[in-house]
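Me: I have a structure open and would like to learn how to read a few of its features. Could we take them in turn?

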Amino acid sequence: MIDLKKIRKAMEKALDSKRYEHTLGVEYTAAALAMRYGASIQNAQLAGLLHDCAKCIPDDKKISICEKHNVAI
């Protein structure tokens with residue numbers, strides 16, 4: 001089971017306040033769309049919460065993380 005409350009708390013710590021508020025709005029909209037189209041509401045909420053999870057990480061650090069985990073850029 002996905003702990004959305006825990007993920008919200010982590011996102012609140014990782015993002016600036018403006019980006020966090022935006023993320024909560026995306027979570028809500030994603031849930032509404034999932035309801036409308038019969039998709040998993042919880043998965044949609046998770047996608048909404050995580051869509052900007054790396055937005056506040058500097059580019060050089062993102063590149064370093066990708067290299068460490070063999071993710072193609």
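Reply: This is a predicted model, in which local features need pLDDT of at least 70 and side-chain atom pairs count only at pLDDT 80 or more, while totals for chains, interfaces and linings use all residues. Residues are numbered from 1 along each chain as its sequence is written, and side-chain values use heavy atoms, with hydrogens and water left out.

Me: How many disulfides does a search of the whole structure find?

Reply: A disulfide is a covalent bond between the sulfur atoms of two cysteines; here the term is applied to a pair of cysteine sulfur atoms within 2.5 Å. The search of the whole structure finds zero.

Me: Is Gln45 buried or exposed?

Reply: Gln45 is buried, its relative accessible area being 18%. Leaving aside residues up to four places away in sequence, Gln45 touches Leu4, Arg8, Glu27 and Ala31, a contact being heavy atoms within 4.5 Å.

Me: Which ring does the charged end of Arg36 sit over?

Reply: A charge sits over a ring if NZ of Lys or CZ of Arg is within 6 Å of the ring centre and within 35 degrees of the ring normal. In this model, the charged end of Arg36 sits over the ring of Tyr37, 4.6 Å from the centre of that ring.

Definitions and conventions: Buried means under 20% relative accessible area, exposed over 50%, partly exposed in between (1.4 Å probe, protein chains only).
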